[in-house]
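This report describes how two protein chains are folded and how they meet. Please keep the sequence and the structure in view while reading.

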Protein chains: 2
Amino acid sequence: MLDQQLANAPKLPRSQVGTWTLKEFVTESGIVLSDVNIAYETYGALSASGDNAILLCHALTGDAHAADSDDRPGWWGALIGPGKAIDTERYFVVSSNVLGGCAGSTGPASLKPDKEKAYGADFPEITIRDMVSVQKALADHLNVLQIEMVIGGSMGGMQALEWAIMYPDMIRKSVVIAADPEFSTMGIAYNDVMRQAIISDSNYDGGNYLRSGKFPDQGLRVARMLGMITYRTAALFKERFARETEDGEFQVNRYLRYQGDKLVKRFDAQSYLTLLRAMDSHDIGRFRGGLSAALSSIRAELLWVGIDNDLLYPPNDLIQAVELAKSCGVNARYAHLHSPFGHDAFLIEFDQLRDLIEGLL
Amino acid sequence: MLDQQLANAPKLPRSQVGTWTLKEFVTESGIVLSDVNIAYETYGALSASGDNAILLCHALTGDAHAADSDDRPGWWGALIGPGKAIDTERYFVVSSNVLGGCAGSTGPASLKPDKEKAYGADFPEITIRDMVSVQKALADHLNVLQIEMVIGGSMGGMQALEWAIMYPDMIRKSVVIAADPEFSTMGIAYNDVMRQAIISDSNYDGGNYLRSGKFPDQGLRVARMLGMITYRTAALFKERFARETEDGEFQVNRYLRYQGDKLVKRFDAQSYLTLLRAMDSHDIGRFRGGLSAALSSIRAELLWVGIDNDLLYPPNDLIQAVELAKSCGVNARYAHLHSPFGHDAFLIEFDQLRDLIEGLL
């Protein structure tokens, strides 16, 4: 019996969970951060030649915990493990919490190096490129020399794209899911509504709420509710909730409020704001002479993945980006996730993602 | 010179501006409201037989001022006046501020009949049908016997549709622009985010902010910013604002914040909430045995108008509604507004609206 249970148990990857401290990091804007902690997980083992790494980049509210573990599921657990699409018997998989995040890496809720108080509103504005620079330092620390594939969705896709541009000789394959070469005007607009909801919460106190201990939970809750709407589709909501009510309230509203309440328990508002700004900053052409010049530096094989009815990253925009990349000499192609879920499909449609990743690797 | 100036001056309709008081009104939910004021405007003159009326229904933040006047433009000024599509030489045009509004008609910011304090949060939940019932009472008061056309967009379109169902023998033509037979799940969801933004403003005080005089301006501002996003399109924002900045802020954000600030100066937050709930309630099939049963009672010629890339009321949904109406024996047809603006096109694309209205009348 025990043998059978063991045989049927999900095969978890050998994992390492750690935090590495980068002594000093200078942001794109020139701010010096000392003792930057990077929370990370690795699955599998690095080859002797240091060239079998796969790098995972998480989205806005994600974290380093990508693969399943004994105690809790990971955000891409279905894809990572022995014999899975991202096969931890073959690859050394690295997943880290982004700079500015709030799941172990240094961000606004972290104590400053003097350990006296948290950064709060003093935390600098950072960019997607800053996130990638920090990840590069971590990769160096882990003795990674070549990255077989960097992959991520949404804000993670922005990072995967920047990786291919910033370190072209290190990346063999980049998979950019539900992300664009420059964050769209509409994306900026939605972000600002979320931002205003948070900063106009009377508890926000100019970002210094950690001092009072009264948190801008209501603002963050509203922001998350709006975020959830943009991550899904009208058709999905209609099918799932229609106009049904419970206790006098529409089910769709109960669902959104529940999602808002849930995020508030695990996410720092100032970190959320910091990451929104980083997304806003995303424009691969910035300081590089435009999109084409930026794309031209890519050496990796580029797989760009769009999703049906993605409100924030319409497939047509991504198809155009692929065409532009091709015209710049990049080995780029477009793939499509069919899904009723919209943007969030990259966290849901594992069968299609498995096929895409296996096809690429 | 003076003659020429007069000749070139825009021809304004003869108008009457007034407020009528309905002694008692019982809402759908059974609440009795006394001394209900209805702010209205009329343009042109009623025929002796009382059968040349056109009824205009405004949208969420609209008011009774539809035609231009000496002192300010109306929301449909281009369409209403002598010789215009809605010809005030031929028709008696009636436009009123909805029940629950805050532009002259009784709503949450109005004093209760005892004149001691405003309704505030005591104002009852109302429905689109309540708005129409009050408009019917006004029409009776004005001696209108037959309505040649009832027309409106968005929340106004919901009213135009309910008019055709509630008073089938009184309505010859109904024009439903950018509105659906039942408010969608996604519409309900967006409304709830706006609602939560307002009620979680610490000044909201359970709807009793009129007592403190500290208004939930920040919440209403966030709600309006979100509303504006849903009324426009990604392509329009991209073309107009791209990723341009001024004073360190994205132009699209400056625009949205400006729109938010502007609404706060003219709109009451509790009225906004009341109208959101009325939109949520919109479902012509409610208490009537479903959509088909409701549509089957329509005698009017029904023109249903959809708009390119309307996020809230996708054209395909409206085309389906027209097909359903036809299958119920209604003389219904679909027309389409081509526009880069999205939902707000019904307040912008006057040339196309002129053609549609002239074709119908």
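## Strands, helices and the contact between chains

In β6(A), the residue that stands opposite A:I54 is A:V93. The model is predicted: local features need pLDDT of at least 70 and side-chain atom pairs count only at pLDDT 80 or more, while totals for chains, interfaces and linings use all residues. Residues are numbered from 1 along each chain as its sequence is written, and chains are lettered from A and ligands numbered from 1 in the order in which they are written.

Strands of a sheet pair through backbone hydrogen bonds, either parallel or antiparallel. Here, strands are DSSP runs of E with at least two residues, helices are runs of H or I with at least four, and both are numbered from the N terminus. Two strands pair if DSSP finds at least two bridges between them. Strand β3 (residues 53-57) of chain A and strand β6 (residues 92-96) of chain A run parallel and are joined by four bridges. Both belong to an open sheet of eight strands with mixed pairing, in the order β1-β2-β6-β3-β7-β8-β11-β12 (chain A). At its edges stand β1 (15-26) and β12 (332-337) of chain A; each has a single partner strand, so one side of each lacks a neighbour in the sheet. From one strand to the next, the twist averages 20 degrees. Helix α12 of chain A packs on this sheet, and its direction makes about 170 degrees with that of β11(A). Such angles run from 0 to 180 degrees between N-to-C directions, and axes are lines fitted to C-alpha atoms, for helices over the stretch in contact.

| Strand of chain A touched by α12 (residues 350-360) | Residues |
|---|---|
| β7 | 147-153 |
| β8 | 173-177 |
| β11 | 301-307 |

Helix α12 of chain A also touches β12 of chain A.

**The sheet of chain B.** Which strand of chain B pairs with β2 (residues 32-43) in the antiparallel sense? The partner is strand β6 (residues 92-96) of chain B, over four bridges. Within this chain, B:T42 has B:V94 in β6(B) as its bridge partner.

**Two helices of chain A.** Two packed helices are described by the angle between their axes and the distance between the axes. The axes of α4(A) and α6(A) come within 7 Å and cross at roughly 160 degrees. That makes α4(A) roughly antiparallel to α6(A), a term for angles over 145 degrees. Among the residues making this contact are A:Y190 and A:M194 of α4(A), and A:L220 and A:L226 of α6(A). Residues are in contact if their C-beta atoms, placed from the backbone, lie within 7 Å. By class, this contact has nine nonpolar, three polar and no charged residues. Ala, Val, Leu, Ile, Met, Phe, Trp, Tyr, Cys and Pro count as nonpolar, Asp, Glu, Lys and Arg as charged, and the others, Gly among them, as polar.

**Where the chains meet.** The contact between the chains takes 30 residues from chain A and 30 residues from chain B. On the side of chain A that touches chain B, α4 (185-199), α6 (217-231), α7 (234-241) and α8 (251-266) of chain A each give two or more residues. α4(A) gives the most, with nine residues. The residues of that side divide into 17 nonpolar, seven polar and six charged.

Note on methods. Two residues are in contact if their C-beta atoms, placed from the backbone, lie within 7 Å. Angles under 35 degrees count as roughly parallel, over 145 as roughly antiparallel, 65 to 115 as roughly perpendicular and the rest as oblique.
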